[in-house]
Amino acid sequence: MGVAIKPPTKDSAPLTGAEEPLRLVPDLNVISGAPVAGAAMQAERNRPFIIKLGKALRGVFDRLIGASSLVPNTPVLDVRDFAWTAILRENWQAIRTEAEQVALRGAAAPSLATISPDHRSIAEVDKWRSFFLFGYGYPIEENLARCPQTAKLIEQIPGLNSAFFSILAPGTHIPDHRGVTKGLITCHLGLVVPRDGDVRMRVKDRIVRWAEGETLVFDDTYRHEVWNETNGTRVVLLIQFERPLRQPGKWFADFFMGFVRRSAFVQEARENIHNWNAAIKQLDA
């Protein structure tokens, strides 16, 4: 069952600059995802069985998929192994323009803790926000329509699973965590990267930093954490795509993702996005 979201109010002020703290407009007390005791436990209970099983047998699954991988299994991968990333780099300014129009506009981009039950245990509400274009293979049509140039570009990505603008507030630390399956790889395109301090990510034992107009490709099944030790807001286009695989790894990865896509876990997140968009439309009417 989806989460009931209280619509934003007209008294909520939009962001006027990158230096202002990001603001979550709806009442935090009525949104599933507000910081409450036991958030990690609740997120674990809400995970679909296939993900719980995957966690229990993660080492076995990762070895099976990794052994079938057509690209290296390193924490950080070479962007040259993914020719399509050049399309993002060549058009990054057009993507940034659309991101600034939708992702930095007041409550247009909700907290990831509001959208996804799985992020409630790792992301403080109002610190890590998102504007979804695709989620687990499902297009978010109303958001794609607002970002036509970005939509045309990401639809060219082979094996696209998810795509969203990831917005990190000043002073945010996302603690050590890891992704669900080695069948997916993550790509970041730097769009807005503050320079008045340090904004970085650790992937296993590698420290990497974003640059505007550059792509970063990594395997998020390695433990990773993020810091934004600046006074500005960091914005990236986050892409998750299918790892190039031979058999039998591809069969297993596809089987696993099929269960996840159909799960109540993912369907709730989709419903939350649509509810949030409907509230914003009502506010703008």
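Asn161 sits in strand E4. Strands here are DSSP runs of E with at least two residues, helices are runs of H or I with at least four, and both are numbered from the N terminus. A word on the source: this is a predicted model, where local features need pLDDT of at least 70, side-chain atom pairs count only at pLDDT 80 or more, and totals for chains, interfaces and linings use all residues. Residues are numbered from 1 along each chain as its sequence is written, and side-chain values use heavy atoms, with hydrogens and water left out.

Is Asn161 buried or exposed? Asn161 is buried, at 6% relative accessible area. Buried means under 20%, exposed over 50%, partly exposed in between, with a 1.4 Å probe and protein chains only. What does Asn161 touch? Leaving out residues up to four places away in sequence, its partners include Phe134, Tyr136, Leu184, Gln240, Phe241 and Met257. Contact means heavy atoms within 4.5 Å.

Phe241 takes us to the largest nonpolar core, which has 33 residues. Such a core is a set of buried Ala, Val, Leu, Ile, Met, Phe, Trp, Tyr and Cys residues joined through side-chain atoms within 4.5 Å. Phe241 is one of those with the most contacts inside it, along with Leu133, Ile154, Phe165, Leu237 and Ile239. Elements giving two or more residues include H5, E2, H8 and E4. Which element gives the largest share? That is E6, with 5 residues.

Take Leu237. Beyond its neighbours within four places in sequence, its contacts include Leu88, Ile95, Leu133, Phe165 and Leu191. There is also a second, separate core of 14 residues, including Val76 and Trp210.

Ile95 belongs to helix H5, residues 92-102, where Trp92, Ile95, Glu98, Ala99 and Val102 are buried. Seen down the axis of H5, these fall within an arc of 125°, so they line one face of the helix. The arc is taken from the directions from the helix axis to the C-beta atoms.

Last, the whole chain. Its secondary structure comes to 10 helices and 11 strands. Of its 285 residues, 55% are buried. Among contacts between residues at least 6 apart in sequence, 78% join residues at least 24 apart.
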